[in-house]
Amino acid sequence: MSHINVLQAENAKPIKMWTQGVSVEEEAKNQLIKTAQLPFIFKHIAVMPDVHIGKGSTIGSVIPTIGVIIPAAVGVDIGCGMIAVQTSLVAADLPDNLLPLRQVIEKAVPHGMPSKINGRHNGSWQNPPSIVYQYWQQLLPGFEKITAKYPRFLKTKNHKHLGTLGTGNHFIEICLDETDSVWIMLHSGSRGIGNTIGNFFIELAKKDMEVHIRNLPDIDLAYLQEGTEHFQDYVEAVHWTQEFARLNREAMMHNVIAAMRKIITKPFTTHLSAVNCHHNYVQKEQHFGEEIFITRKGAVSARKGELGIIPGSMGTKSYIVRGLGNEESFCSCSHGAGRIMSRTDAKKQFTIDDQIKATAHVECRKDASVIDEIPMAYKDIDAVMTAQKELVEIVHQLRQVVCVKG
């Protein structure tokens, strides 16, 4: 029996939804319908169980297009995603008091808002360490090519944000799997440079379409057409930014491992299993015998045998999964649990006491500024996993013991 719900609207391609047993807001459905009405959508839109309304387009959607890309569907955190490594450590190797472990990680990775306190920026490096410069050298030729044409991108933090976490739902976690093996997992993207590039091309697409914009179901669905100059520039910039995001996660992971070695004196290795996957990105892929563009907006590639990461909220659990290669979903799965309430609503509805109770078993910040990330603001991760059992199989179940929030 198939677990797909199909939403069909007038003058629109079908919307295939893996959402049985999870809630889907009406606003998200309306947003999906607008996207499905675009003439260049290929076959159907695939929707993951963590679906919820987003800026530009629906989070938890997989948008296949022929000959065009919608910059707002890719969004402004281009290449945002996850990295996880399994270590040779087990739970018993961790210190009884986990606070020093959290503090040493917080010190090793710049995180949070870039507010100036005593003249220094919290969220970026003042003097990036040598490992960050090594990663930046890989990115520099591409950056020079982009900025030769668009010098405005030189005014970003670029290399000073490489190896930094950011804010919102970005996090670093120490987790234990079902056998008590210790894992390190983190979630981040392309930081300030990705935001600047994303916003610039979103506005450029709207400007390029000024004549046709009234024919669009939504102004945010302004697109760039293959064969045009701006399309080519965007594709180059987006691929570079996705690489920045991937290396950003690698650099952070390197620094987290080094920080952990300061607290955990027992020697350990970290190459047992590693996954580094985007969940906000666009690339050319082959599906149903056609070469098309696939935009995953809050979705992970789940080709047959491919490993991916589906994090729950802080205080619940996360999953390492293996793709089943379900072609109907364009070989995709969810990128997390998915929000059921906005950050503003969560802050109105819950208190610091609620946050303390919900994260009692996790060493993490428990103050007013992280209430919007409280587990109750998210869908039930178990229901989300059940809804997509045709898309992935679970390899490991992880539970957090330390969580560093941006």
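**Cysteines and a sheet**

Me: How many disulfides does the count come to?
Reply: The count comes to zero disulfides, a disulfide being a pair of cysteine sulfur atoms within 2.5 Å. This is a predicted model, in which local features need pLDDT of at least 70 and side-chain atom pairs count only at pLDDT 80 or more, while totals for chains, interfaces and linings use all residues. Residues are numbered from 1 along each chain as its sequence is written, and side-chain values use heavy atoms, with hydrogens and water left out.

Me: Is Cys175 buried or exposed?
Reply: Cys175 counts as buried, with 1% relative accessibility, where buried means under 20% relative accessible area, exposed over 50% and partly exposed in between (1.4 Å probe, protein chains only). Cys403 counts as buried at 1% relative accessibility.

Me: Changing topic, what order do the strands of the open sheet have?
Reply: The six strands of this open sheet run in the order β1-β2-β3-β4-β14-β13, with mixed pairing; strands are DSSP runs (E, at least two residues), numbered from the N terminus, and two of them pair if DSSP finds at least two bridges between them.

Me: Which strands stand at the edges?
Reply: Those are β1 (5–7) and β13 (280–287), each with a single partner strand, so one side of each has no neighbour in the sheet.

Me: What is the bridge partner of Lys16 in β3?
Reply: Lys16 has Ala46 as its bridge partner in β3. Strands β2 (residues 15–17) and β3 (residues 45–52) run parallel and are joined by three bridges.

Key
Helix = DSSP H or I, 4+ residues; strand = E, 2+ residues; numbered from the N terminus.
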